[in-house]
Amino acid sequence: MDIARIDYWAASGGSVMHKASVPSKTLATAAVIATVIIGSYLPLLAALYLMVLISIRAAGLPVVKVMVISVLPGLFTLLFALSKLGGGLLIPVIILLKAFTAASAMILLLSTTPYNEILGFVGKLMPRVLRDGLFMTYRSFFILLNLMNNFITALRLRGGFQPKKFWRNSGNIGSGVGILFINAYDKSQRLYDVMSIRGYSGRLSGTHRYRAVSANDLPYLLAAAVFLGEAVYAMQSSRQGSLYSFAAVLIVYTFTMEVLRFWKR
Amino acid sequence: MSHLHIPDGLLPVWLWVAGLAAAAIAVGFSLFMLRKVDLRKKIPLLGMMSAMMLVGMSIEVVPYHLNLSVITGIILGPWLAMVASLIVNLLMSLVGHGGVTVVGLNTLVIGFEGVMGYILFSIFRKALKPALSAAAATFLTLFMSTCLMLLIVFLGNIDLNIASTSELREVMESTPAGFAKHIIYSGGGFNLKFFAIASFAMGLIGWTIESAVTAFAVGFIDKVKPDIIGRRS
């Protein structure tokens with residue numbers, strides 16, 4: 001997982017995708033995932049994946065790094081795909097495409113939206129305890145990650161990781177994890193005390209203001225809607241869209257995003 | 001290995017919708033059980049412990065990453081652990097680590113680890129030292145959660161259209177072995193046997209690492225701050 005890097009991209013970017021409003025990006029991501037779920041033929045899914053990659057490029061994000069991040073947690077997908085080899089190669093390829101497209105779309109959403117905006121928006125649908133828990137978890141994560149990284153660096157420098165010394169390595173990591181849990185526990189107590197002094201009464205304030213809907217919202221939203229429409233049509237009529245039509249959509253989309261990218265620079 | 005995050009688009013809609021409903025019920029029940037607890041005080045702890053799970057998942061130890069769901073369950077207790085597992089899965093789905101639609105199913109698997117880890121640890125520690133209890137509880141819990149994950153995958157490969165036909169009825173009315181063979185190799189060429197063997201083979205390495213790390217961590221906490229794991233110093 002690369003939450004720290006994704007958070008940095010979200011906070012530092014100023015692309016068309018970054019300037020789009022949270023509701024429209026969330027809606028577009030939902031449309032991409034809905035297409036992944038109901039889309040069942042290769043050209044549609046391949047074109048959808050390309051559309052997401054084009055959007056990632058338009059957002060000024062490193063496409064290869066995002067692809068790697070989306071592929072890394074794919075062990076389950078890989079096993080699942082290998083288990084389907086009995087039905088030919090097509091099904092495993094479709095499975096991999098579905099998983100990587102959905103993961104890339106989610107990474108694109110979080111990499112172009114500051115966490116307080118996205119959690120504030122998502123949190124509207126949840127009980128307060130979950131919303132506050134989400135905020136607190138996200139904020140605490142970076143503090144603890146920093147502590148863990150320092151610990152691992154110190155451990156490496158002092159020869160704490162040695163090849164073929166499973167129990168010794170586990171003991172060192174385990175003690176580090178133990179220290180971190182104690183640290184986290186103490187910090188949570190202190191955090192509550194500090195929050196109480198500052199007037200915390202069981203309600204954390206999050207951002208409920210988002211960017212207004214603008215022209216920046218349209219390209220990604222429209223492209224996602226086109227693919228969803230095609231997936232629904234294909235499902236109902238059992239007719240698949242032609243390769244030419246997908247190529248045309250992708251060319252128009254790429255052109256639009258590139259123009260916006262240079263214009264907004 | 002139990003910590004396999006199911007991505008979007010692989011499982012049938014009925015299954016992930018059922019998963020979302022089941023997770024909502026499980027988390028709702030957990031919150032109901034916590035109704036007498038002052039949750040204001042627990043929010044920072046909940047956040048920190050959920051963040052610890054995320055930190056554990058961020059650190060790659062060999063190609064496997066730690067889970068820390070059992071130790072989180074031991075510290076938070078079963079009800080808060082279930083809430084924490086939903087928070088962790090929601091955040092992970094936002095970074096493409098597991099699907100959004102399958103947050104419910106993933107929450108059930110990770111939440112199960114927290115709850116079962118807490119229960120087994122409570123049982124084992126009556127007879128064993130905390131570190132050993134934690135190791136045994138972690139290993140058993142991860143084995144069971146891998147079985148749960150396999151059950152989910154198996155359910156996802158049952159073709160509901162076939163289930164209403166006479167073909168399946170005939171198979172079900174035949175020998176148990178015939179029925180077992182039918183369900184293992186069903187669902188568009190899906191080989192559940194291969195999937196199960198691969199999951200258990202890789203899982204064994206993961207369970208061992210996780211159990212060792214959890215045991216050392218709990219042993220350390222028991223020496224330094226035992227009240228965190230429920231023992232008064």
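## Salt bridges within and between the chains

A salt bridge is a side-chain nitrogen of Lys or Arg within 4 Å of a carboxyl oxygen of Asp or Glu. In this predicted model, B:Asp38 and B:Arg40 meet through their side chains in such a bridge, with an N to O distance of 3.2 Å. B:Asp38 is partly exposed at 30% relative accessible area, and B:Arg40 is partly exposed at 33%. For these classes, buried means under 20% relative accessible area, exposed means over 50%, and partly exposed lies in between (1.4 Å probe, protein chains only).

Over all chains, the structure holds four salt bridges. One of them joins the side chains of A:Glu258 and A:Arg57, at 3.3 Å from N to O. A:Glu258 lies in helix 12 (residues 243-263) of chain A and A:Arg57 in helix 4 (residues 42-58) of chain A, so the pair ties together parts that are 201 residues apart in sequence. A:Glu258 is buried, with a relative accessible area of 18%, while A:Arg57 is partly exposed at 41%.

## Conventions

Residues are numbered from 1 along each chain as its sequence is written, and chains are lettered from A and ligands numbered from 1 in the order in which they are written. Because the model is predicted, local features need pLDDT of at least 70 and side-chain atom pairs count only at pLDDT 80 or more, whereas totals for chains, interfaces and linings use all residues; side-chain values use heavy atoms, with hydrogens and water left out.

## Chain A

Chain A has 12 helices and zero strands. Helices and strands here are DSSP runs (H or I, at least four residues, for helices; E, at least two, for strands), numbered from the N terminus. The C-alpha atoms of chain A fill a box of roughly 60 × 50 × 35 Å along the principal axes.

Of the 265 residues of chain A, 49% count as buried. The accessible surface of chain A is about 12600 Å², and 64% of it belongs to carbon and sulfur atoms. Accessible areas come from the Shrake-Rupley method with a 1.4 Å probe; for residues, only the protein chains shown count as cover. One buried residue is A:Gly120, at 0% relative accessibility. A:Gly120 sits in helix 8 (residues 115-123) of chain A, and its C-alpha atom is 9.6 Å from that of A:Asp132, 12 residues apart along the chain.

## Chain B

Chain B has 10 helices and two strands. Its elements run α-α-β-β-α-α-α-α-α-α-α-α from the N terminus. Of its 233 residues, 57% count as buried. Chain B exposes about 9200 Å², with 70% supplied by carbon and sulfur atoms. Among the contacts in chain B with a separation of 6 or more, 76% are between residues 24 or more positions apart, contact meaning heavy atoms within 4.5 Å.

B:Leu68 has a positive phi of about 60° although it is not a glycine. B:Leu68 lies in the loop between strand 2 (64-65) and helix 3 of chain B, and at 3% relative accessibility B:Leu68 counts as buried.

## The interface between the chains

The size of an interface is often given as the accessible area lost when the parts come together. Between chain B and chain A, the buried area is about 6300 Å², of which carbon and sulfur atoms give 84%. This area is the accessible area (1.4 Å probe) that two parts lose on being put together, summed over both. B:Met48, B:Leu94 and B:Val95 supply 11% of the area that chain B buries against chain A, more than any other three residues. The contact takes 72 residues from chain B and 66 residues from chain A.

One salt bridge is counted between chain B and chain A. The side chains of B:Lys225 and A:Asp186 meet in this bridge at 2.9 Å, N to O. The pair crosses from B:Lys225, in the segment after helix 10 of chain B, to A:Asp186 in helix 10 (residues 166-197) of chain A. B:Lys225 is partly exposed at 23% relative accessible area, and A:Asp186 is partly exposed at 24%.
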